[in-house]
2 protein chains.
Amino acid sequence: MNLKTLAKKLQLSQTTVSRALNGYPEVSEATRRRVEEAARAHNYRPNSRAKGLATGRAMVIGHVIPASTQHEMVNPVFGDFVAGASRAYAAFGYDMMFTRVDDGDEEQVYHALVAKGSVDGVILQGPRVNDGRIPLLNRIGLPFIVHGRSSGIDESYGWVDVNNKRSFQRATEFLLDLGHRRIALINGLEQMDFAHRRREGYIKALKTAGIEPDPALMRSAEMTEVYGHRETREMLKMKTPPTAILAASMISAIGVRRAIDEAGLTLARDVSVITHDDDLSYLRNGSDVPIFTATRSSVQQAGEILSRMLIEKIEQPDAPNQTHMLEAELVVGRSTGPAPEMRR
Amino acid sequence: MNLKTLAKKLQLSQTTVSRALNGYPEVSEATRRRVEEAARAHNYRPNSRAKGLATGRAMVIGHVIPASTQHEMVNPVFGDFVAGASRAYAAFGYDMMFTRVDDGDEEQVYHALVAKGSVDGVILQGPRVNDGRIPLLNRIGLPFIVHGRSSGIDESYGWVDVNNKRSFQRATEFLLDLGHRRIALINGLEQMDFAHRRREGYIKALKTAGIEPDPALMRSAEMTEVYGHRETREMLKMKTPPTAILAASMISAIGVRRAIDEAGLTLARDVSVITHDDDLSYLRNGSDVPIFTATRSSVQQAGEILSRMLIEKIEQPDAPNQTHMLEAELVVGRSTGPAPEMRR
DNA sequence: GGCGCTTTCCAAAGCGCTTTGGATTTCCCT
DNA sequence: AGGGAAATCCAAAGCGCTTTGGAAAGCGCC
C-alpha cells in the first residue's frame, strides 16, 4: 500500500492525502478524518526511504562504534546508555543506527554517513583525550553531541559529562579523611578522557594533602573484572600495599573484591574500596545498603539527556552548543573504613 | 556530490557511472578506473535512501527491542551479542538499526518496519515460551532469525540456540556426582524460553537421580546481581539449605558468591556454584583458572552466526530455514567441590 | 452579477539512484 | 567492402514521497 493507490482509493490526489496525514492546515477536517481512517484501515505507513529522499531527513541517529578494540559495545555501560538514549529517540520518532568502524577508518565512516545521508546526526561515544573526531565532525557539519568531553580540544561542541575530576577528588578526599595514605587508582584506559580526568582529581586530592602520588599505585586498562582482580592481587603483594583502592567501574571493583577475598583480607577492614557506579540495571550497587562506597551517576540518564540534546541540535542546527554537567553523588557503602594503621 | 554532477564532470551518463561503480560488465576497464578514481577524489557515496528506493533493499537489519521491561538492552549480554552480529553486518555492508517498542505494540512495530521499508530483516531476541512474534513475522513475510527458540511454536523458523536443556542437565549431573542432593536453581525469567529449557534439564537430571525437585529451591527472575544475592541469602537461611546452586548468568553468580561470603561460608567448600557463562568480554570467567565452574557458550559467536544466517535468508528468501545448535562446554573451575556431608 | 477572499484540492516537478531498451561504435570475419 | 556480433555507452522511466504553484469552488458583500 503506497500513497498513490491510497489516494486513488480515496478519490483524492496524492498531495491532499499527504497533507492530511502530515497535519497541514490546507485540508478540511472531514477529509483529514476520512484519510486517516483509510490509512489506518489499509495499514499504510509512508515509505521511510522515499520520505527521506523527499525531505532530506533520515529520522535516524547514528552511533559509530570502534570495533577493533571492541571496548564500546561490549562494555556493559553501553547497554544502559543506549537504553536511555532510545527512550528519547522513540519519543521523537527517531530510529537509531549503529555503524561499526575499524580503527583508522573513522574519518571515512563519518564522511560516508553524511554522503550516504543515512543519519541526521551522531552521538560521539568514548571521547579520548584530544579526540580528532570532534574537529572532524565540526568540519563535516554533521550534528553531534559528545558523551563526555575531550581535554585539549578548544572548539565548541555540545556534550554531556559527569564531573569526573571532582567526583574522584572527593572520593580520594573521603579516603584521606579515613586516614588512608596509600591509595591506589585502578583506572580505565587513560587515553579515554574520563579516565584522564579521574586521575587528575585523584592526584589533586593527594597533592593537596601533601602526598606524592606513587606511580606503582596507578594502573590503567580496560575496566574488566579480570583486570581489577589482577592489579589488586599484584598490589597487595607489594612491601607496602595500598590500604585503599579507587576503582573505575563496578565490574572492575568486583574483581578487586575477589582479589581481596582471595588474599584472605576483609573488605573495608583491611582494604577500603571506592568505585565509580554507572547505576547499571543489572549491576545495581546493592539493594538497600550499597555494597560499595561509590561515586554514582546514572549513565542511562546521561543517554537520555544526550539524545534529547542531539535531537534539538538537529532540529535547529544554528542554536549555540549546549552542555550539561552531571555531578556524581558519593554514596557511602560497606566497602570503606578507617585505615588499618589508624585502628590500632 | 551526487551521481548527476559526477557524471557531468566525467562527461559520461549517469547510467555508465552507476554501472562502473557497481561492477557491471558493460563498461570498459578504462572507464571504470576513471570513474572510480573520480568517485574517490570527490568523496562520492551513493545516497543510501535513493539507492534503497531504486533497489527496494534497505541494507539495514533491524533489532526490535522490548522497552517497558528493558531486559534486553541493559542486559550485559546484549553488548556482546550485538558486537558479534555487527561483525557480520560490517562484512556484508549492512547497517543495524534498533527500534524500541513498548509492550503490546510489537505487532504494530513489525508492520510499520515492513511498510516503511526501513529494514530487510530482523533479529528476534529474547524469545519467550510460545512467542507470538514468530507466527507474526512468518505471516508478515519479513525475513528473521531467532536468537534462541520458542517451545510451543511448531511452524518453521530459523534459529541459533545453545542447547540449554542439555547443558543444565549436565551441570546438575556434575553436582549430583559430587554428592550434592539439595541443589538450587537461580534461573532467569521462566517465561523466557532459555530459562524454561534450563529448568527442564535441571529437573530431568534430578528425577533421573531419583530426587524430587523442591520448589523452594527454584527461583526465577531477571538475572541481576542483586537477585542472585537476595535469593541465595534467603535460601541459606533455610533449615536445610542447598549445598549447591545453579546460577543462570555470571552476573547473578557474582551476587550468589557475595551472599555466600556474607554468610561466612566458603565457595566450593560449603556451597558449590555452577553458572552459565556467556563469555562476556568484560566479565571473563577468570584468566587462567576459571572462577566458576560453568557451562560456557560465547554469545558473541552466537551473534555472528545468527547475523550471517539472516543475511543469507535475506538474499535468498526461499531457501529452507536453517538452524544451528551450539553446545555449551562445561568448564570446571574453583566454585565446585564435594558436598559437605560427603567430606565428613 | 461580479469582485476579492478564503478554503480546498490538484498536476507535476524533484529528491538521487537503478535499470530497461536502444543507439552507436568497434571489431572480426568472409 | 559489407555484415553481424560484441563492446560501450545513453535517454528516460520509475522507486514513493513532499512541495510548489495554481486552479476551482464557496462565500460574503457591494
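Select strand 1 (residues 60-66) and strand 2 of chain B. B:Pro66 stands opposite B:Val101 in strand 2. The two strands of chain B pair in the parallel sense over seven bridges; two strands count as paired if DSSP finds at least two bridges between them. Helices (H or I, at least four residues) and strands (E, at least two) are DSSP runs, numbered from the N terminus.

This is a predicted model, in which local features need pLDDT of at least 70, side-chain atom pairs count only at pLDDT 80 or more, and totals for chains, interfaces and linings use all residues. Residues are numbered from 1 along each chain as its sequence is written, and chains are lettered from A and ligands numbered from 1 in the order in which they are written.

Strand 2 of chain A pairs with strand 2 of chain B in the antiparallel sense over three bridges, and A:Phe98 stands opposite B:Met96. Now widen the view to the open sheet of 12 strands, whose order is 11(A)-5(A)-4(A)-3(A)-1(A)-2(A)-2(B)-1(B)-3(B)-4(B)-5(B)-11(B), with mixed pairing. At the edges stand strand 11 (323-326) of chain A and strand 11 (323-326) of chain B, each with a single partner strand, so one side of each has no neighbour in the sheet. From one strand to the next the twist averages 20 degrees.

Next, select helix 6 (residues 76-92) of chain A. Helix 6 lies across strand 1 (60-66), strand 2 and strand 3 (121-124) of chain A together with strand 2 of chain B, and runs at about 135 degrees to strand 2 of chain A. Axes are lines fitted to C-alpha atoms, for helices over the stretch in contact, and angles run from 0 to 180 degrees between N-to-C directions.

**Chain B against chain A**

Colour the residues of each chain that touch the other. Here 49 residues of chain B are in contact with 49 residues of chain A, contact meaning that the C-beta atoms, placed from the backbone, lie within 7 Å. Helix 6 of chain B gives the most to the side of chain B that touches chain A, with eight residues. Other elements that each supply at least two residues include helix 7 (106-116), helix 11 (225-236) and helix 12 (250-262) of chain B. By class, this side of chain B has 23 nonpolar, 16 polar and 10 charged residues. Ala, Val, Leu, Ile, Met, Phe, Trp, Tyr, Cys and Pro count as nonpolar, Asp, Glu, Lys and Arg as charged, and the others, Gly among them, as polar.

Superpose the chains: a rotation of 180 degrees with 0.1 Å of shift along its axis brings chain B onto chain A (RMSD 0.1 Å). That is the relation of a two-fold axis. The same surface serves both copies, as 100% of the contact residues of chain B recur in chain A. The superposition is by least squares on the C-alpha atoms of residues with pLDDT of at least 70 in both copies.

**The DNA strands**

Select DNA strand C. Of the 26 residues around DNA strand C, A:Ser13, B:Asn2, B:Leu3, B:Ser18 and B:Ala54 come nearest; a residue is near a strand if its C-beta atom, placed from the backbone, lies within 6 Å of it. Helix 4 of chain B provides the largest share of this surface, five residues. The surface near DNA strand C divides into nine nonpolar, 13 polar and four charged residues.

Move to DNA strand D. Of the 26 residues around DNA strand D, A:Asn2, A:Leu3, A:Ser18, A:Ala54 and B:Ser28 come nearest. Helix 4 of chain A gives the most to the surface near DNA strand D, with five residues. That surface has nine nonpolar, 13 polar and four charged residues.

**A second sheet and a helix pair in chain A**

Select strands 7-6-8-9-10-12 of chain A, which form an open sheet of six strands in that order with mixed pairing. Strand 7 (218-220) and strand 12 (329-331) stand at the edges, each with a single partner strand, so one side of each lacks a neighbour in the sheet. The twist averages 15 degrees from one strand to the next. Strand 10 (residues 293-296) and strand 12 of chain A pair in the antiparallel sense over three bridges, with A:Arg296 opposite A:Glu329. Helix 11 (residues 225-236) of chain A packs on this sheet, touching strand 6 (183-187), strand 7 and strand 8 (244-247).

Finish with helix 9 (residues 164-177) and helix 10 (residues 193-208) of chain A, which pack at an angle of about 35 degrees with their axes 7 Å apart. Their contact has six nonpolar, five polar and seven charged residues.

Definitions and conventions:
Contact = placed C-beta atoms within 7 Å.
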